[in-house]
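Below is a short report on one protein chain. Please look over the sequence and the model before reading on.

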Amino acid sequence: MYAALLLAIGQRAGVAASDHYGQVTFAGLPVPGATVVAIQGDTQRATVTDQQGVYRFGNLADGACTIRVEMVGFSPLSENVTIPPPAPPSNCTTSGTQTI
């Protein structure tokens, strides 16, 4: 019997432009040691989730990407995502004498 994994994904604004991260969970609990593969065209990059079930990919090309998760005892999970283009960093400008 295989159980289903849950994949929560996101991009981190203000870090590297093409950073992509997510968390693999089962029944609300993190799944450490799961293999996560990012597939873009003919390019594949793999990593393993940490103790909190979190994975990270740096410098992924912008555009369509398939994230595939595999773990012994679980059904494989694939999800299509879009890696967004870089966002400009936020700038905060103050005027006057107030302290922030």
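In which loop is asparagine 59 found? Asparagine 59 is found in the loop between E6 and E7. Its phi is near 60 degrees, a positive value in a residue other than glycine. With a relative accessibility of 65%, asparagine 59 counts as exposed, because the cut-off for that class is over 50%.

**Confidence**

The model is a predicted one. The mean pLDDT of the protein chain is 78, and 68% of its residues reach 70 or more. Over residues 11-17, the pLDDT is below 50. That stretch has 11 contacts in the model beyond near neighbours in sequence. Where pLDDT is low, the predicted coordinates should not be read in detail.

**The nonpolar core**

The largest nonpolar core has 13 residues. Those with the most contacts inside the core are Val24, Val36, Ala38, Tyr55, Phe57, Cys65 and Ile67. Two or more residues each come from strand E4 (35-40), strand E6 (54-57), strand E7 (63-70) and strand E8 (77-83). E7 gives the most to this core, with three residues. In soluble globular proteins, nonpolar side chains tend to be buried together.

**Strand E2 and its partners**

Two pairings involve strand E2. E2 and E6 pair in the antiparallel sense over four bridges. In E6, phenylalanine 57 is the bridge partner of histidine 20. Phenylalanine 57 is also among the core residues with the most contacts inside the core.

E2 also pairs with strand E3 (residues 29-30), in the antiparallel sense and over two bridges. Here phenylalanine 26 stands opposite leucine 29 in E3. E2 and E3 form a hairpin with two residues between them. Alanine 27 is in the turn of this hairpin and has a positive phi of about 55 degrees, although alanine 27 is not a glycine. Alanine 27 is exposed, with a relative accessible area of 70%.

**An aromatic pair**

The count of aromatic pairs comes to two. In one of them, the ring centres of phenylalanine 26 and phenylalanine 74 are 5.3 Å apart. The planes of these two rings stand at 70 degrees, so the pair is edge-to-face. Phenylalanine 26 lies in strand E2 (residues 20-26), whereas phenylalanine 74 lies in the loop between E7 and E8. The pair therefore ties together parts that are 48 residues apart in sequence. Phenylalanine 26 is partly exposed, with a relative accessible area of 34%, while phenylalanine 74 counts as buried at 17% relative accessibility.

**Threonine 49**

Which loop holds threonine 49? Threonine 49 is found in the loop between strand E5 (43-48) and E6. Threonine 49 counts as buried, because its relative accessibility of 6% falls under the 20% cut-off. A polar atom of its side chain lies 2.9 Å from the backbone nitrogen of glycine 33. The side chain of threonine 49 also reaches the backbone nitrogen of alanine 34, at 2.9 Å.

**Alanine 61 and glutamine 40**

Alanine 61 lies in the loop between E6 and E7. Leaving aside neighbours within four places in sequence, alanine 61 is in contact with Gln40 and Ile83. Alanine 61 and aspartate 19 are 42 residues apart in sequence and 9.2 Å apart in space, C-alpha to C-alpha.

Glutamine 40 has its place in strand E4. Not counting residues up to four places away in sequence, glutamine 40 touches Leu60, Ala61, Gly63, Ala64, Cys65 and Ile83.

The table lists the relative accessibility of some of the residues discussed.

| Residue | Relative accessibility | Class |
|---|---|---|
| Threonine 49 | 6% | buried |
| Glutamine 40 | 16% | buried |
| Phenylalanine 74 | 17% | buried |
| Phenylalanine 26 | 34% | partly exposed |
| Alanine 61 | 45% | partly exposed |
| Asparagine 59 | 65% | exposed |
| Alanine 27 | 70% | exposed |

Key
Residues numbered from 1 in each chain as written. Predicted model: local features only at pLDDT ≥ 70, side-chain atom pairs only at ≥ 80, totals over all residues. Heavy atoms only, no water. Core = buried A, V, L, I, M, F, W, Y, C linked by side-chain atoms within 4.5 Å. Buried < 20%, exposed > 50% of the residue type's maximum accessible area, 1.4 Å probe, protein only. pLDDT = per-residue confidence, 0-100. Contact = heavy atoms within 4.5 Å. Phe/Tyr/Trp six-rings, centres within 6.5 Å; stacked < 30°, edge-to-face > 60°. Polar contact = N/O pair within 3.5 Å; in protein donor to acceptor, adjacent residues only side chain to side chain. Pairing = 2+ DSSP bridges.
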